[in-house]
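Some notes on this model follow, point by point. They start with the backbone and then turn to packing.

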Amino acid sequence: MNDQAFHTLEFDQLRALVLRGAQTSMGRARVDALMPLDALEEVQKALAASAECVQLRKRGATWSFSELKEPAEAIAWLRVEGASLEPITILELARLCEQAMSARAAIMAEREQSPVLAEIVASLPRELNSITARVANKILLNGDLDDRASPELARIRHEIARLRSSITRSLENLMRRSEEAVQDELVTIRNDRFVIPVKADHRGHIKGVAHGFSSSGATAFVEPLQTIDANNELQSLRETEEREIYRILFALTEELRFQLAGIEKAADAIAELDFINAKAVFHQNFNCVIPEVSTAAQPSVRDSSASSNPFERTTSQTEVSSTRVLEFSEARHPLLEENLRASGGAVVPVSFSLDDKHDSMIISGANAGGKTVVLKTAGLLSLMALSGLPVPARRAQVPFFASVLADIGDHQSLAANLSTFTSHVANISRMIELCQSPALVLLDEVGTGTDPEEGSALGVAVVDHFRKTCRAQVMATTHYSGLKMYAANDKGVLNASVEFDEKTLHPTYRLLVGVSGSSSGLEIARRFGISDEIIGAASASVNESSREAAEYLRRIKGEFEQAATLRQALEEERAAVAEKFASLEKEAVKKERQRQTSFQAALEKIVHDFERRSRELLATIQDRSERLKLERETQRRVAELKREAQRAASTSRGPEPSAASTSTSFRPVRVVREGRVLTGSQAAAASVKASRQNLSEPEDAHYVAAPGRDIAVGDRVRLSSFGSVGIVDSVKGAEAEVRVKSLRFREKLENLELVEETTPAKREGGRFSKLRPTSNTALQFSSPDHIARSELNVIGQRADEAVDAVDKFLDAASLGGLSQLRIVHGHGTGALRRAIAELLKDHPHVARFAAAPQDQGGSGATVVELRQ
């Protein structure tokens, strides 16, 4: 990297922008010395520190360094044994230690997220806190020692105050006694001694020592004889005070000297943290990004020891080649942005990328269109990244360049006998000597200033040399067609152009990568005031091939803009589709959550109902052992029911298997009962009914209502509360004792229905079985052995009791899969019939109902058809 590149790319002006964020002289010195770093590890560490500082500032964990002076001189005095520091100097060092430890506390609280910053302050000794506190207790902010700095100092100053007061009172009394001789009744001090003003012509009235006269000579300042001893004592006390002050300051200096290493670390830490914070402030002010700097080492084309350039970075001959990527997305030149802010303007960002596949770029287009700005932006931002600075861009990736070389601007000099062309050629020659791979080479108007044909050929040769011999990444601007054709024919070189609005005849400063641009020289000349006559004459002189080439470039530019617009539209459409799919997925998740909530509520309701009915059943069992046995069985059944229902629900949420699914894959569960698909709460209810039926009727038994008569011992009856069928063992008044298998119940006669056994039609399946995979991978429940009752007799019940019984009857029949029912209510007054009809009219299970045919009871019964 040569001095001319730093000057050309205005790196000094960039330092001035960063300098604004520095708070201390040490930090400003670090910014002034800002240069590209020599090792990749140093660059990455500096960038990591900047990134950590930016994040800490966002979280409010900041530090501030105020009123800190350069500590170098004070530290140098500490190195001198026996030297004592002044109070102000001690305060400055204590303030330095205090602010360093404050920054350490802020950083160490975030050390997991800020390891690089924590490394800077981790070695600061904690003893700096205690010495800071001791200094603050002894020295006041104005540099005076506090009276409490030591007990001896407190005693001395107390004596001084007492003696001053005594002398003052004595002199005031004397002046009152000698009013005619006193000029003003005012005690004053001359030569550190208390005196009184005496008229010059009355000196003889007051005996004492004169310490001088006023400027007019009319007043003599006399120390009366009676206060001489007191003044002498006061002077002695002051000398004692000075000795005590020196002793205290020397002791504090010795404490600081003992912590000299820690103080030096604190000074270094503050300088480094202030420097890093200045970079973070720059990051915030210019909306920067932390660049990615990666190794891109290539074998050197020359012996690095031959370079006389102090800024040249050496590269080991044994380093391994790796991919070089120079990429800036929406990059902005910070100096240009700063200037435009003052005028209310904004920078047009540029984006481009170079890598091993495309290592060079030829930029063409209109004059004053921003070609040189692109070069300076690429060069300055690369130097910033290599110096550990954030860069103003949305994304940035920079190779670890060993050389950044630039030939930008007109370097002609009459004194040096250099024309425009010769100055460019001399600079390029020097760049070829200094170029060390990996390198970034920036060439502005390469080959300009001479014959266009020769200049174009020279430009192609120079670019090709830097690319292939020096292995550099090259960015060059040009108006020459030869360079544009070179970029079009070489796959490793990109064509680019700065956009020019043909309608307004103004540049837009946008960089278009992939298409070359025309110079639009005649249009630019017209915009700057050249007459139409001259422009017309020039247009007529342009040969046909040049006009065709310019038209071809315009057509390519139009197609490029059309493709860019289409690509943007496709991106917007893709984003909209992605947003729509995300919305649908969110809605599906919401519906599934609602379904699960509903299922859980239904399951809990059914389980609760089952437990309630079980408790009612258990309450009627007299045998304690049988009751306990049945309680345990009920609890087991409830637990199994919950597990199976939850298993069915979770399996039903599984994805549909593909054709390649294994035999162990399952489709969403369907619970099938007598040809109907039951889901959710219906499946759970079916399982509940299966468990209840297992406690009631014997297997392979089917009962129908028997002709009406009084119930006697030995009759088979159905308990209307539970649907269980048992045998009457005894009848006592209005109650009967009924035996169901091994259980005995006491039940009112009105709750017993006389039944008789019939031979049922043979049906497939048995009791509800456990879930099992079927041939089509669905999970099914087999139907229960017991068929729900198809007839209910409510004769003799009150209307509300009958309606409740019918409602339960309809639920049981629906769960049992029945399609047609008969409800016997009798003729009577018709109240039961009307109440039941009112229930059936709006019942969810009922499809239709009507009076029974004459052979089935006529108007004394109602036939109901259930929904399927």
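1. N287 sits in the loop between α11 (260-285) and β5 (292-294). This is a predicted model, and in it the phi of N287 is near 50°, a positive value in a residue other than glycine.

2. The peptide bond between S437 and P438 is cis, with omega about 0°. P438 belongs to the loop that runs between α14 (420-434) and β11 (439-443). Most peptide bonds are trans.

3. The side chain of D356 makes a polar contact with that of R324, at 3.0 Å. The backbone oxygen of R471 lies 2.6 Å from a polar atom of the R324 side chain.

4. The largest nonpolar core has 55 residues, and F352, I363 and M475 are those with the most contacts inside it. Helix α13 (residues 371-386) gives the largest share of this core, 9 residues. Apart from this core lies another, of 51 residues, with L85, C97, M101 and A103 among them.

5. Which residues does I363 contact, leaving aside its neighbours within four places in sequence? They include K371, V374 and L375, as well as M475, A476, T477 and T478. A496, S497, V498 and L511 are also in contact with I363. One of these partners, M475, is itself listed with I363 among the residues with the most contacts inside the largest core.

6. Four strands form an open sheet in the order β1-β2-β4-β3, with antiparallel pairing. β1 (188-190) and β3 (208-213) are the edge strands, each pairing on one side only. From one strand to the next the twist averages 50°. β3 and β4 (residues 219-224) run antiparallel and are joined by 4 bridges; F213 has A220 in β4 as its bridge partner.

7. Two helices pack on this sheet and can be described in turn. Helix α9 (residues 151-177) touches β2 (193-199) and β4, and its direction makes about 10° with that of β2. Helix α10 (residues 228-258) touches β2, β3 and β4; the direction of α10 makes about 145° with that of β2.

8. Two packed helices are described by the angle between their axes and the distance between the axes. For helix α15 (residues 452-468) and helix α16 (residues 481-489), the axes come within 8 Å and cross at roughly 40°. The two helices are therefore oblique to each other. On the α15 side the contact is made by S456, G459, V460, V463, D464 and R467. On the α16 side the contact residues are G482, L483 and Y486.

How values were computed:
Residues are numbered from 1 along each chain as its sequence is written. This is a predicted model: local features need pLDDT of at least 70, side-chain atom pairs count only at pLDDT 80 or more; totals for chains, interfaces and linings use all residues. Side-chain values use heavy atoms; hydrogens and water are left out. A polar contact is a pair of N or O atoms within 3.5 Å; within protein, one must be able to donate a hydrogen and the other to accept it, and residues adjacent in sequence count only if both atoms are side-chain atoms. A nonpolar core is a set of buried Ala, Val, Leu, Ile, Met, Phe, Trp, Tyr and Cys residues joined through side-chain atoms within 4.5 Å. Buried means under 20% relative accessible area, exposed over 50%, partly exposed in between (1.4 Å probe, protein chains only). Contact means heavy atoms within 4.5 Å. Two strands pair if DSSP finds at least two bridges between them. Axes are lines fitted to C-alpha atoms, for helices over the stretch in contact, and angles run from 0 to 180 degrees between N-to-C directions. Angles under 35 degrees count as roughly parallel, over 145 as roughly antiparallel, 65 to 115 as roughly perpendicular and the rest as oblique.
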